[in-house]
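Here's a quick briefing for anyone opening this one for the first time.

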Amino acid sequence: MKNLGLIFLLSTILIAPAFSQSEKLNNWKYISVDNNRAKWGDFDEPEWLRYFGVDALDVNKDGYLDIVSGRYFYLNPGGNMEGEWKRYDLGKNVDAYLFTDVDGDKYADVIALALPGVFWFEAEDKTGEKWSVQKIGEIPRTGHVNSQGYRAVQLLEGTKKQLLFAVEGGIHACTVPKKPKEESNWKWFKIIPTESDEGIGIGDIDGDGDIDIACGDIDPGQKEHPKLVNWHENPGSVSEVWKKHSVGRTVQAADRFEVADMDGDGKADIVVSEEMYPGLEPEASVFVYTNPGDPTRENWDRKSMVTTWSVNNLDVADLDDDGDMDIVSCEHKGSDYRRLIFENDGKGNFEMFSPDKGRESHLGTRLYDLDGDGDLDMISIAWDHHQHLHLWRNDYKK
């Protein structure tokens, strides 16, 4: 009888199905990194302003990614990440946006804005408890003082990464110089004239091997609500204006942008989420614009993933290890504040999952493997509930 029981148990294990896609994409653990964040306006005008920046890097080399956001640096507690995330102040009211290697040493570097000022912060040791600061230039302010579109990416061969910020009048770029300690070596150029200071998407849109940029713009004669979707062709320089190509239009304001091959045809598509202000109606969408093969052709096909409350968050990655690109976002308005995952079937058809709700996000749902276990976790910052820095640990492999 014991042998029969063992045989039954083994047969049950052998025929047990693998995780379904639903189980994979709904298996997350929420962790509060911080629920007592200040806002920009607690220190400087305007009083209503919040922080926009968030990024992750393993600062102390322990195998776990740490977080920088606004004026704060957070040290990952390791393990299941449910311990205390120690918070350190950068010592200046800035909005920290990006980790990027500036001077090639072993200590972490952060790029932050207090526009018109741009600043380089460097950790004084591996703990990240104290940071030194140096001004590295000036670019225009925005209607929200600081930028809502930012990237650190290598646009040119043979150089360090370029920094990109969407500000008043356009996207400004700067190559991290070989001698960064001299402010005069940081050369900023407006490479894309646009009236949108919102999101920036990066990817090889024309298939020529370098990184292009997708972003929004405002109709001529209008003063707000960018509804034009464009991509800009990399000319191999960040000291001249990049050529613009029209993709199409949004319905509401084009907010966040990502570039990736969403339908498996080897060509980069463009994903856009929409903002609505004051956001009192559920009429904002997440769109995929499909590359027509000749990306210079106008009016790309547009497919809506969802129409819901203002979605000021966006990221794209392979969340379930099936070889295609999925989409994540989160509602910034409404009553549910749903976190949204769009699972790709590999051909650009999507099924939506909502594994959590009740946590408002703004300029978030950013994907990183924070605990080094091989899957992507998610961090997000809030606006209406600005005190919160959210983390969802991805547990589908556990």
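This is a predicted model: local features need pLDDT of at least 70, side-chain atom pairs count only at pLDDT 80 or more; totals for chains, interfaces and linings use all residues.

- Strand β15 (residues 212-217) runs antiparallel to strand β16 (residues 228-233), and 5 bridges link the two.
- These strands belong to an open sheet of 4 strands, in the order β14-β15-β16-β17, with antiparallel pairing.
- At the edges you'll find β14 (201-203) and β17 (243-249); each has a single partner strand, so one side of each has no neighbour in the sheet.
- On average, neighbouring strands of this sheet are turned by 25° against each other, direction ignored.
- In general, strands of a sheet pair through backbone hydrogen bonds, and they can do so in a parallel or an antiparallel way.

**The cysteines**

- How many disulfides does the structure hold? The count is 0.
- Cys-174 is in no disulfide, and the nearest cysteine sulfur, that of Cys-215, is 19 Å away.

- Strand β24 (residues 339-344) has 6 of its 6 residues buried, so the rest of the structure largely encloses it.
- Both faces of β24 are covered: one side carries the buried Arg-339, Ile-341 and Glu-343, while Leu-340, Phe-342 and Asn-344 are buried on the other.
- Strand β23 (residues 326-330) pairs with β24 in the antiparallel sense over 4 bridges, and Val-328 has Ile-341 as its bridge partner in β24.
- Strand β25 (residues 350-356) also pairs with β24 in the antiparallel sense, this time over 5 bridges, with Asn-344 standing opposite Phe-350.
- The hairpin of β24 and β25 has 5 residues between the strands, and Gly-346 takes a positive phi near 95° there.

**β6 and β7**

- Strand β6 (residues 95-99) is mostly covered, with 5 of its 5 residues buried.
- β6 and strand β7 (residues 109-114) run antiparallel, joined by 4 bridges.
- Phe-99 stands opposite Val-110 in β7.

**The cavities**

- Searching the whole structure turns up 2 cavities of 30 Å³ or more.
- The largest cavity has a volume of about 140 Å³; 14 residues line it, and the closest to its centre are Arg-151, Arg-256, Glu-258, Leu-363 and Arg-366.
- Its lining takes at least two residues from each of β10 (149-153) and β18 (253-260).
- By class, the lining of the largest cavity divides into 5 nonpolar, 5 polar and 4 charged residues.
- The second largest cavity has a volume of about 30 Å³.
- Which residues line the second largest cavity? They are Arg-37, Ala-38, Lys-39, Arg-50, Tyr-51, Ala-382 and His-386, a set with 3 nonpolar, 1 polar and 3 charged residues.

How values were computed. Residues are numbered from 1 along each chain as its sequence is written. Side-chain values use heavy atoms; hydrogens and water are left out. A disulfide is a pair of cysteine sulfur atoms within 2.5 Å. On a 1 Å grid over the protein atoms alone, a cavity is a set of points where a 1.4 Å probe fits but cannot get out, and a pocket is an open set with protein on both sides within 12 Å along at least five of seven lines; lining residues have an atom within 4 Å of a point. Grid points are joined across faces, edges and corners, and a volume is the space filled by probe spheres set on the points. Ala, Val, Leu, Ile, Met, Phe, Trp, Tyr, Cys and Pro count as nonpolar, Asp, Glu, Lys and Arg as charged, and the others, Gly among them, as polar. Buried means under 20% relative accessible area, exposed over 50%, partly exposed in between (1.4 Å probe, protein chains only). Two strands pair if DSSP finds at least two bridges between them. Axes are lines fitted to C-alpha atoms, for helices over the stretch in contact, and angles run from 0 to 180 degrees between N-to-C directions.
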